[in-house]
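Hello,

Here is the structure I said I would pass on. My notes on it follow below the files.

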Amino acid sequence: MSKRIDVGDLNIYYGDFLAVEGVSMEIEARSVTAFIGPSGCGKSTFLRALNRMHEVIPGARVQGKVMLDGEDLYAYGVDPVNVRRQIGMVFQRPNPFPTMSVRDNVLAGLKLNSKRMSRSEADEVAERSLRGANLWNEVKDRLDKPGAGLSGGQQQRLCIARAIAVQPEVLLMDEPCSALDPISTLAIEDLIGELKQNYTIVIVTHNMQQAARVSDRTAFFNIAGTGKPGKLIEMDDTTKIFTKPGVKATEDYVSGRFG
Amino acid sequence: MTTTTKAPPEADQRPSGRRGSVRPGDRNFSIAARAAGILILIVLAGVTVFLVSEALPTFQADPSEIEGGEGFFSYVWPLVFGTLVAALIALIVATPLALGIALFISHYAPRRMSQGLGYVVDLLAAIPSVVYGLWGIQWLAPNVQGAWAWLAENLGFIPLFTGPASATGRTMMTAGLVLAVMVLPIITAVSREVFLQTPKLHEEAALALGATRWEMIRMSVIPFGKPGVIGGVMLGLGRALGETMAVAMVLSTGGFTWSLVSSGNNTIAAEIALDFPESSGLKTNTLIAAGLVLFVITLGVNMLARWIVSRRKEFSGAN
């Protein structure tokens, strides 16, 4: 489990519009990498390009390379479905399947791989994943109740459990706490700290304290103006980005002087 | 808000938030909405009263006086059978087709094509039922006659396909097929709308787990749309049960028979349409009583649909 990602000179287009330009970066295995930057700077778009989820939007395409342990995700003949089975994703708003129970939500990804599992095996995976997402104790008595009946924070942890149930190499998180209250946020942040033992984690956040708390490395994205492409300004160890960044724009942003 | 300071003194004494603070717009709308709701109930009650009171002589009459001479029940049950069978054939044929078309339009077809296709399907709904009837007699019946003959020959041991097959093709199966085409646009349109409303969030949840497009549809689109689809199917069933003209034209009617590939059988609606103009006295009452039976069947179907939809409410995705 857990592989590194190398991105080489990646451009992302929506139709003719260049949304993200020339991003190169290395994301270490078993670490937490945070993407920060103002709204519309392309960090979410870039995150989605890492597991080809941007292709859901008509007209979206990329140029460049994204390598998962040396394998190009955009090579000819690579099925995006297989990419997403290795690189999981957690979204901004919790999105458990409303028609499924808690247990079925966790097992949803495994059923896709159409593996026949015995009931005891399935129970085991469900428990392991829910424990992994720090949710087991709260839901163990209502595994057959609908997933949508949980609180917002619990739903988000359910989504994390669902994502790690398939044991992906990488876990992408797109502002996973922005719809949650501070206590739920803390629970998720603790969880991220535990998950990085086993997974490569990339997290987009608008909350700079959060980036400082959870991540090992931080990438700052910025945009020159509306209609211009987003760019990676700088990427470094999180402590360095927040104490003595190399670029003036980064310093302005993290210190709140961003105009 | 300068007006509040100049409000008349009695306005200040009213308890805020409850009575008195109702704005005219809210009040008018509430009256209009309530009136519309009550009107529907009145119309429904009126129809029920009419049906029951006009049908009553049938139930009071001596069984030998009723058409067929053996009482109302033995008169009406073949018609009920015909009505249900025709509607069932229509649904069995139309539902899978409609779901396929709806999914194709909502999730597979390129945008331009899906719009065009949507219009075409909607256009099917705009064709009058007389035209469907003509099409059924002139084109469909002769063309499917061979298929029914084949069924009678090879599957004749099943009571439903007992031969000899009708030479004209104007059979229950043909009538069912015409009804299928007629209910197709309703089921398709309703299903398409609910499929399109599937939250992006749920679709992305499935895709991010590595679902193929079909798996995504099975995991998020279909569960989300299920109550709507059931509603659409029931609307279609309602139309199929009550459809008069097309069945009256296509079906070569006759007495009860299990065979769906020979002429015979009739539906309630078609029977009423065919016999009513020349009926008088007790026969009229009998036909109205048959209409009452149809009314009860449709009511039952709708209640069943509601029950199915509400059964797993907490899993419905509405919360």
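**Where chain A meets chain B**

In this predicted model, 21 residues of chain A are in contact with 19 residues of chain B. On the chain A side, the elements that give two or more residues to this contact are helix 2 (80–86), strand 6 (87–90) and helix 3 (102–112). By residue type, the side of chain A that touches chain B divides into 12 nonpolar, 5 polar and 4 charged residues.

Strand 1 (residues 5–14) of chain A pairs with strand 2 (residues 17–27) of chain A in the antiparallel sense, over 7 bridges.

**Chain B: content and overall form**

Along the principal axes, the C-alpha atoms of chain B fill a box of roughly 85 × 60 × 35 Å.

Of the 319 residues in chain B, 39% are buried. Among the contacts in chain B with a separation of 6 or more, 77% are between residues 24 or more positions apart.

**Chain B: domains and annotation**

The domain assignment divides chain B into domain 1 (25–60) and domain 2 (72–313). Taken over C-alpha atoms, the centres of domain 1 and domain 2 of chain B are separated by 28 Å. Domain 1 of chain B gives 7 residues to the contact between them, and domain 2 of chain B gives 9. On the domain 1 side, the residues that touch domain 2 of chain B divide into 5 nonpolar, 1 polar and 1 charged.

As for the database record, an unreviewed UniProt entry carries the annotation "domain: ABC transmembrane type-1" for residues 80–305 of chain B. In the model, that span of chain B is 77% helix and 0% strand. The end C-alpha atoms of residues 80–305 of chain B lie 19 Å apart.

Regards

Methods:
Residues are numbered from 1 along each chain as its sequence is written. Chains are lettered from A and ligands numbered from 1 in the order in which they are written. This is a predicted model: local features need pLDDT of at least 70, side-chain atom pairs count only at pLDDT 80 or more; totals for chains, interfaces and linings use all residues. Two residues are in contact if their C-beta atoms, placed from the backbone, lie within 7 Å. Helices (H or I, at least four residues) and strands (E, at least two) are DSSP runs, numbered from the N terminus. Ala, Val, Leu, Ile, Met, Phe, Trp, Tyr, Cys and Pro count as nonpolar, Asp, Glu, Lys and Arg as charged, and the others, Gly among them, as polar. Two strands pair if DSSP finds at least two bridges between them. UniProt positions are given in the numbering used here, feature names are shortened, and annotations may be inferred rather than shown by experiment. A residue is buried if 20 or more other C-beta atoms lie within 10 Å of its own, exposed if 12 or fewer, and partly exposed in between; C-beta atoms are placed from the backbone. Domain bounds come from an automatic or database domain assignment.
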